[in-house]
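The exercises below are meant for working through with the sequence and the structure at hand. Try each task before reading its solution.

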Amino acid sequence: MKHSHHSRSIRARALVAIAVVIGGAFGVAWAMTTGPHGAMPLDEQQTLLDKLLANPHAPPQGIDGIAWTTIYLPSGNEPTPDRIALGRKLYFDTRLSKDGTVACATCHDVSRGFTDRRSVSEGIKDQLGKRSSPTTMNAALLQSMFWDGRAPTLEDQAKLPILNPVEMGHPDPASAMAGIGTDPAYKDLFQKAYGRAPNYDDVGRAIASFERTLIFLDAPFDHYANGDAKAISPAAQRGLELFNGKARCVSCHMINSSNPLGTDNLFHNIGVSARKQNFEALAQKGLLAIQNNSDEKALDKLAIETDLAELGRFLVSRQRQDIGAFKTEQLRNVGLTAPYMHDGSLRTLWDVMDHYNKGGETNAYLDGGIEPLNLSEEEINDVVAFLFTLTDKRFTEQNEAAFREQQAQAAKQRPFRDNALAHRDMLPFEQRVMGQAGLK
Amino acid sequence: MNDKTPMNDKNRLPTKIPHIKSVETRYLEERETLFRGLKNLDRRSFLKVSTGAACAALAAGASNHFHSFLPVNVAYAGEGAAGPGFTFAYISDSHLYIKKTNERFVRQLLRAVDDVNKLDPQPDFVFYGGDLAQLGRKEELDLGAQILKSIKAPVHMMVGEHDWFYDLGSHWNELFGPENYSFEHKGVHFVVLMSVHEKDFWTPRNMTPEQRMHTVAGLDNAMQSAFEVGAPTREWLKKDLDKVPKSTPVIVFSHSPLYKLYRPWNFWTDDAEDVQAILQKFDRVTVLHGHTHQVLTNRIGNIQFHGMLSTAWPWPYAPQGMPALTVQMNRPNPFDSNDGLGDGEVIVHPDGLVDKLYNLWNRNPMQVKASYLSSGGKSDVPLAPTLASY
């Protein structure tokens, strides 16, 4: 109960924010109505998308053309205008959900940084999932999909939420295809795109092709990196120095021309799961399940039916270093994709900085690279200023509004700030071992 | 150049690079041969004893020993020749400075204490493997003592050179008692040995305590001499073991490895053979050592050797002289300051031989079983660390 109340209040806040945010972008007139599950109505999302992607068939900006075709495009599913068109239609089609209320665009909403501004996503019958919906922007450049990396490609990823009982809820691919497979318009589109009748695998392929057009890598940071010294503010410039130094962000979020997303594509326990009281007991349960030679199915069952999802990558890799580890998310457009972390538990980038500044949340499986940073308030402000320069210029106004909104929120509440830990007066593990008093 | 010229044979690379054994390796081989011929233990009878005991333990039923980080199957139900079998935990090589100078090492010792306090069931005791302090200062040792006091199980302490060379052990003695001592536990005779004595290099050079400590703390500072147990401590050891029957399993704690691994880094005990000779009369001897900060496995005759992980930093492996039985741990990730570090457990079988568990933080634990050593590396080969590949 507590959880859903929390997510509703976030939603209410998000709606107010959007009213403020989007008004001016591209001169589009926004009707501030919302569709099912709080998403912007899908036809309005499509109008906005047309403005954002003037030419979706051109090679994406910000990536080397040869790298794009040889590394990022899969052989066998090269994007063609027909495939992209089919994928786009599917992305906005609620028939992919059992009750016809959820499309991909419900949780990957064009007007909300291609995510849903919720801590965890809401599927059919108002069911809440266990994880926060990541953005589909630039997802084409990631090495694995989902917070635990269990899908290697966009093609694989796209097919899974449709069949997830708390997301789009179709019991099987046949059920998912029942509506669209008999639609003459779709029959024609599938034929043009893949030369065959509608089928479930091609649904995944087409959606992936469309998602590969969602590349947003033209940020003030890129202009600064290319020599325009005025492209980002002095505060953001100081923030970049900290990002590459004292704040240690670059250890996992390296960001440069050959690694444009700012992720190491690896999985780390930074302690987000450990905030839940039962995390270490869960970890033991997971380890025991493996010890007892549970097969894949048994573990998957545990993952869905229990809180074991909080063990993250471990359920995929079965390696101890992955207990409570989740994917290093991309930093591109991070100003637009609040709330943060796999469970959407951090509302602002100030919260994110507070979390890292105190050395994450102490737990027996904490990644050893996570340690207290001793950042001052000014330094935190500078890093946050830098992070907001990673938003694509097409979202400048939305980004500035999000900055103001987060700043106001942070001024009211900083629930994860712990100066004693951040400034190393109290060390991680100290209270667990020495008790409240700590070291003398 | 005429490209029809036949290739000059002299310019060809040799097809096989000759294998040149290091001085240490040749020395060790010679010494090993000597030992074999010398003493009472022949390899075959040794194997018979240890595999028999392992089978008996298995027949008695493997209990599910639950580790806080990984469940380990432990076959220690029932009573063996020596006793009922048990586990103890270890923490080693924390190298504490005061917190203001280096909070990371303090945090890492706290992490290890948190680990052992979470073991369920609790170990019979926790052994501390030496080098609690970095520069032997009173404040460093006091800080370490304060932290180790929070360990729930009883603690047994060993001294390391970093604890000792500032004041020649006086504050350590005050806190923890004498360096050399022994005790009995469930049928096993435990010996804690001060093995980091050095020949006096400081008096002739008129060094201050700081200079002496810094010379030793510089691991490869050639001004110092090699570590040794030394004649007086060897005498103490002989006397201590005089009354212990040869069938009693013996576990020796020593900070330095009690064999000769790599002299330039002082991974070395200069009178190792003399100490090994004293231990030759026993059927089953295990030596656990600190100092090397890595997974390290060796067997010389009847003696099985295991290293301990550090909580401060991992050392690289020595460029030569590595024992053939060592399955190396992963190369630490430089972005993860806790990688290659950890603590661990020692599972003592009813026959007195031990399985050694290396609890590597953020990695899968490595277990080096007695049967691996007893079989000369033929069975129960430890799983090498798993690293993600792409």
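Buried area is the accessible area, taken with a 1.4 Å probe, that two parts lose on being put together, summed over both. The model used here is predicted.

**Exercise 1.** Describe the interface of chain A and chain B by area and by contacts.

*Solution.*
Step 1. Start with the area: the two chains bury about 3100 Å² between them, 50% of it on carbon and sulfur atoms.
Step 2. Find the leading contributors on chain A. A:Arg320, A:Gln321 and A:Val433 supply 22% of the area that chain A buries against chain B, more than any other three residues.
Step 3. Turn to contacts: 35 residues of chain A touch 35 residues of chain B.

**Exercise 2.** Which polar links join chain A to chain B, and which helices of chain A take part in the side that touches chain B?

*Solution.*
Step 1. Between the chains there are five salt bridges. One of the salt bridges pairs the side chains of A:Glu371 and B:Arg107, at 3.5 Å from N to O. This pair qualifies because the cut-off for a salt bridge is 4 Å.
Step 2. The count of residue pairs in polar contact, both at pLDDT 80 or more, is 18.
Step 3. Helix 12 (279–291) and helix 19 (430–434) of chain A each supply at least two residues of the side that touches chain B. The largest share, five residues, comes from helix 12 of chain A.
Step 4. Sorted by class, this side of chain A has 15 nonpolar, ten polar and ten charged residues.

**Exercise 3.** Is helix 15 of chain A mostly covered or mostly open, and what lies around it?

*Solution.*
Step 1. Helix 15 spans residues 349–357 of chain A, and eight of its nine residues are buried, so each of those eight has under 20% relative accessible area. Among them are A:Trp350, A:Met353 and A:His355. The helix is mostly covered.
Step 2. The cover over its buried residues includes helix 16 (377–387), helix 17 (396–412) and helix 18 (419–422) of chain A.
Step 3. Look at the ends. A:Thr348 caps the N-terminal end, with a side-chain oxygen 3.2 Å from the backbone nitrogen of A:Trp350. Just after the helix, A:Gly359 has a positive phi of about 80°.

**Exercise 4.** Which residues have the most contacts inside the largest nonpolar core?

*Solution.*
Step 1. This core has 56 residues, and those with the most contacts inside it are B:Phe88, B:Phe190, B:Ile251, B:Val252 and B:Phe253.
Step 2. Strand 7 (residues 188–193) of chain B gives the most to the core, with five residues.

Terms used. Residues are numbered from 1 along each chain as its sequence is written. Chains are lettered from A and ligands numbered from 1 in the order in which they are written. This is a predicted model: local features need pLDDT of at least 70, side-chain atom pairs count only at pLDDT 80 or more; totals for chains, interfaces and linings use all residues. Side-chain values use heavy atoms; hydrogens and water are left out. Buried means under 20% relative accessible area, exposed over 50%, partly exposed in between (1.4 Å probe, protein chains only). Helices (H or I, at least four residues) and strands (E, at least two) are DSSP runs, numbered from the N terminus. Contact means heavy atoms within 4.5 Å. A polar contact is a pair of N or O atoms within 3.5 Å; within protein, one must be able to donate a hydrogen and the other to accept it, and residues adjacent in sequence count only if both atoms are side-chain atoms. Ala, Val, Leu, Ile, Met, Phe, Trp, Tyr, Cys and Pro count as nonpolar, Asp, Glu, Lys and Arg as charged, and the others, Gly among them, as polar. A nonpolar core is a set of buried Ala, Val, Leu, Ile, Met, Phe, Trp, Tyr and Cys residues joined through side-chain atoms within 4.5 Å.
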